[in-house]
Amino acid sequence: MVSPGCLQLFLVIFCASSLANGHLNKNHRPKILPSEDPLTISKEDSLNLTCRGHGQLHWTLANPNRSLSSSGVKVEKCDSRPHSRTFCSRLTITQLSVRDTGTYSCNSSRNGSANVSSTYVFVKDPEHPFVEQHYPNPDVLFIYGHEQTFVIPCRTSSPDVRVNFTTCQEMQHTNIVRKQQDPPLSDNVVAEWDPKVGFTLPRGDYTSKNYLICKAVDSGQTSNYIPRKLKHPFLNITYRNEHLSTVTVKEGRKKVVFEPKVNALPPAVVLGWFKDDVPIWKNSTCFRMSGLSLSITNVQQKYAGVFKISMGIPEKGVYRNLSYTLVVTSRTWGRRVASCVSCIPEEKPHVVSVEGRKKGSHNWIKSTTTKNEVVNGKIMSVSTLVIEEARASGWYTCVARNEVGDSEMKKPFFIKDHPEGITTQPSSAIEGDDITLTCQAARYFYTTLQWLDSFNRTVTTNLSSLQLGEHSISQSLRLHGVSPNTTRGYRCQARRFNNKVELKNAALIVDGRLC
């Protein structure tokens with residue numbers, strides 16, 4: 001049994017702890033500067049906000065058409081205060097427009113908890129008093145029977161814009177004035193006005209009116225709405241084909257697209273796509289989102305899983321999900337018989353010499369054999385090609401085929417005149433003579449040649465054009481009055497077919513001239 005003294009002590013500690021936690025959570029909310037709320041900025045000016053908080057910081061913008069990576073939007077870290085554990089982030093948006101009017105939020109996340117602070121920004125534009133001006137094409141406004149009030153969302157670009165609200169039917173107007181206009185006319189409906197929200201009206205039969213009109217007093221511009229009555233908001237997401245809940249494709253398919261059919265009032269928004277319950281980022285390089293669709297290009301085995309779209313009508317608290325299962329089949333029968341990996345096990349090009357061969361422009365193939373072998377613990381089909389007389393460079397292609405599909409791999413085959421890949425001649429000279437340095441390399445395996453001097457500069461004078469032989473390429477450099485100093489450091493640069501570069505020093509020995 002707990003004594004009254006202990007119970008009293010426990011209650012004191014519990015209450016003190018609760019108060020301390022509440023105070024701590026309040027202090028952990030990030031702080032946005034400038035602290036003025038709301039802010040009013042003129043169009044085409046810049047917005048500069050600074051956020052400090054106890055955790056990683058993330059900004060949410062008012063304009064849905066802008067993102068943190070959009071042109072004109074910049075987020076950068078700012079210097080934290082000395083001896084402080086807070087984080088600091090600065091948001092800058094240039095060339096503001098009326099569409100940038102709205103709420104800007106800074107989210108601070110740390111150890112699984114999140115805190116948010118917000119500020120409202122008006123972007124003042126006398127030519128556009130309304131943030132979204134629905135004229136001449138009115139916007140449809142849905143009114144639900146269970147709601148006691150409803151909102152006409154004619155937000156303004158400035159807090160001091162004077163707005164009147166009217167209903168219109170067959171050119172007859174009924175005034176609805178702002179609540180602060182006291183006293184209202186007895187035949188009028190009283191509405192609450194907030195430039196951040198619009199007009200909030202009590203429940204009534206407004207669906208008999210043709211138009212609901214917000215009108216800016218000074219400019220005369222309007223934002224029009226057509227009222228429609230609904231019992232409840234609804235959101236239905238279905239498959240475009242009833243058999244498409246599971247999609248089976250072969251590995252390597254160029255493209256797969258998931259696109260549901262949506263029926264919703266009021267219009268729903270896509271909250272996000274998920275793969276195996278992990279969010280897919282909008283800048284993903286593997287998946288592309290556009291409207292309601294998600295597309296996958298160059299389908300691979302690792303993309304198999306469950307893809308889910310989440311949609312909602314946030315202002316009405318209505319949310320729905322729809323899932324697709326992607327099955328990716330590999331090109332196998334349980335073993336990799338339709339792959340060229342095993343029939344050409346190496347990617348290095350094959351180079352052979354042809355000294356003393358008969359003349360001809362083709363290769364004599366001696367034999368090809370195919371047999372099953374155990375490779376890395378698996379039974380695989382291995383094909384071997386034997387070439388008896390190699391006389392021409394080219395590409396050999398291995399094709400593997402089964403009932404699932406085809407696969408192929410190419411292997412380059414090159415012929416050269418000399419055992420070495422790159423050669424330079426001559427190797428010696430007499431001081432004072434004029435000589436010709438020649439660089440030679442295997443044709444096709446090497447595609448271009450260049451001479452470099454001792455300063456690693458490309459030589460452009462006293463050069464021959466690139467000479468093409470049957471199995472080799474060459475380029476010559478003419479040197480006048482050679483000496484040990486003038487010939488030192490010359491190199492030949494050869495570029496391979498795969499764009500790799502090799503260098504060969506011109507090992508030229510200059511002997512002194514005998515008197």
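Modeller: A strand here is a DSSP run of E with at least two residues, and strands are numbered from the N terminus. P34 is found in the loop between two such runs, β1 (31-33) and β2 (39-42). The model is a predicted one.

Biologist: What makes the bond between L33 and P34 a cis peptide bond?

Modeller: Its omega is about 0°. Q425 and P426 are also joined by a cis peptide bond, with omega about -5°. P426 lies in the loop between β32 (422-425) and β33 (428-430).

Biologist: Are Q95 and Y444 exposed or partly exposed?

Modeller: Exposed means over 50% relative accessible area. Q95 has 54%, so Q95 is exposed. Y444 has 42%, which falls between the 20% and 50% cut-offs, so Y444 counts as partly exposed.

Biologist: Why is K275 called buried?

Modeller: Its relative accessible area is 16%, and buried means under 20%, so K275 is buried. D276, with 40%, is partly exposed.

Biologist: How do you know that K275 forms a salt bridge with D276?

Modeller: The closest N and O atoms of this pair are 3.0 Å apart. The cut-off is within 4 Å, so the pair qualifies.

Biologist: What makes E259 and R240 a salt bridge?

Modeller: Their closest N and O atoms are 4.0 Å apart, and the definition asks for within 4 Å. E259 lies in the loop between β19 (255-258) and β20 (261-265), and R240 in the loop between β17 (234-238) and β18 (246-250), so the pair ties together parts that are 19 residues apart in sequence. E259 is partly exposed, at 36% relative accessible area.

Biologist: Which residue forms a salt bridge with K308?

Modeller: The partner of K308 is D277, with the closest N and O atoms 3.3 Å apart. This pair links distant parts of the chain, 31 residues apart: K308 is in strand β25 (residues 305-313), and D277 is in the loop between β21 (269-275) and β22 (278-279). D277 has a relative accessible area of 60%, over the 50% cut-off, so D277 is exposed.

Biologist: How many salt bridges does the structure hold?

Modeller: The structure holds 12 salt bridges. K43, D125 and E127 are linked in a network of salt bridges.

Biologist: Why do strands β34 and β37 count as a pair?

Modeller: A pair needs at least two bridges. Between β34 (residues 435-442) and β37 there are 8 bridges, so the two strands pair, and they run antiparallel. T438 stands opposite S476 in β37.

Biologist: How many bridges join β36 to β37?

Modeller: β36 (residues 467-468) is joined to β37 by 2 bridges, and the two run antiparallel. Since at least two are required, these strands pair as well. Q467 stands opposite S474 in β37. β36 and β37 form a hairpin, with 3 residues between them.

Biologist: What makes strand β37 mostly covered?

Modeller: Of the 8 residues of β37 (residues 472-479), 7 are buried.

Notes:
Residues are numbered from 1 along each chain as its sequence is written. This is a predicted model: local features need pLDDT of at least 70, side-chain atom pairs count only at pLDDT 80 or more; totals for chains, interfaces and linings use all residues. Side-chain values use heavy atoms; hydrogens and water are left out. Buried means under 20% relative accessible area, exposed over 50%, partly exposed in between (1.4 Å probe, protein chains only). Helices (H or I, at least four residues) and strands (E, at least two) are DSSP runs, numbered from the N terminus. A salt bridge is a side-chain nitrogen of Lys or Arg within 4 Å of a carboxyl oxygen of Asp or Glu.
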